[in-house]
Amino acid sequence: MLTVVGIGPGATELLTVQARAEIDDAEILVGGARQLALFNDFRGETRLLTGDLDELMAWIRERLNQQIVVLASGDPLIYGIGKRLAANFPPEHLRIIPGISSIQYLCAKAAVDMNDIWITSSHGREPDFQAIAAHQKVAMVTDNIIGPYAIAQALLARGLNPTLIIGENLTSADERIHRLAACDVAQRYAMNVVVILNER
């Protein structure tokens, strides 16, 4: 059986009870280096998650008689690996355990309600800035190429100056949360998630 477990934004205390139980019962744990490091007491087999997802799918298919847990940062179905695994494995072979997303965590820390929020990503793709500008509240998972500064500049170029809430290194010891007008956004931030408030 294959189980995808959302491990939250990084701190193990944010794991759900069900997520912890699935990890404890796993025979094989699959994840990125940072994810696996959170569970260095795991005594089963581990496999490092690389960029070759086709190879991973084939590798998992050969082991479906074992208890495999794939670790997913945040929630597996918010721009995570859950979508890819759901497309490759039928429900009888796949369970998905939701986790607290980095977007949920940032909204909670910044006291921003998630009602009617539009969720998108710049991770490995060009965002639709017209759609972002059209929504009152947007949450965005970012990458190293299109981060807060690029987002702010794209919105300023459209004549907007929204508020950006930038969450850096969420749940870590050096977590920082900034609430800035787009015109005040700096060029560099550590690993982050952004909430955009297009106040009207």
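Select strand 1 first: both of its faces are covered, with Leu2, Val4 and Gly6 buried on one side and Thr3 and Val5 buried on the other. Buried means under 20% relative accessible area, exposed over 50%, and partly exposed in between (1.4 Å probe, protein chains only). Strands (E, at least two residues) and helices (H or I, at least four) are DSSP runs numbered from the N terminus. This is a predicted model, in which local features need pLDDT of at least 70 and side-chain atom pairs count only at pLDDT 80 or more, while totals for chains, interfaces and linings use all residues. Residues are numbered from 1 along each chain as its sequence is written, and side-chain values use heavy atoms, with hydrogens and water left out.

Strand 4 runs parallel to strand 1 and is joined to it by five bridges; two strands pair if DSSP finds at least two bridges between them. Here leucine 2 stands opposite isoleucine 68. Strand 5 (residues 94–97) also pairs with strand 1 in the parallel sense, over four bridges, and valine 4 faces isoleucine 96 there.

Now select arginine 47, in strand 3 (residues 45–48). Is this arginine buried or exposed? Arginine 47 is buried, because its relative accessible area is 13%. Leaving out residues up to four places away in sequence, arginine 47 touches Leu29, Val30, Gly31, Leu36, Glu55, Leu56 and Trp59; contact means heavy atoms within 4.5 Å.

Finish at the largest pocket, lined by 48 residues, of which Ser73, His123, Val141, Thr142 and Met191 lie nearest its centre. A pocket is an open set of points on a 1 Å grid over the protein atoms alone, where a 1.4 Å probe fits, with protein on both sides within 12 Å along at least five of seven lines; lining residues have an atom within 4 Å of a point. Helix 2 (33–37), strand 4 (68–72), helix 4 (82–88), helix 7 (148–156) and strand 10 (192–197) each give two or more residues to this lining.
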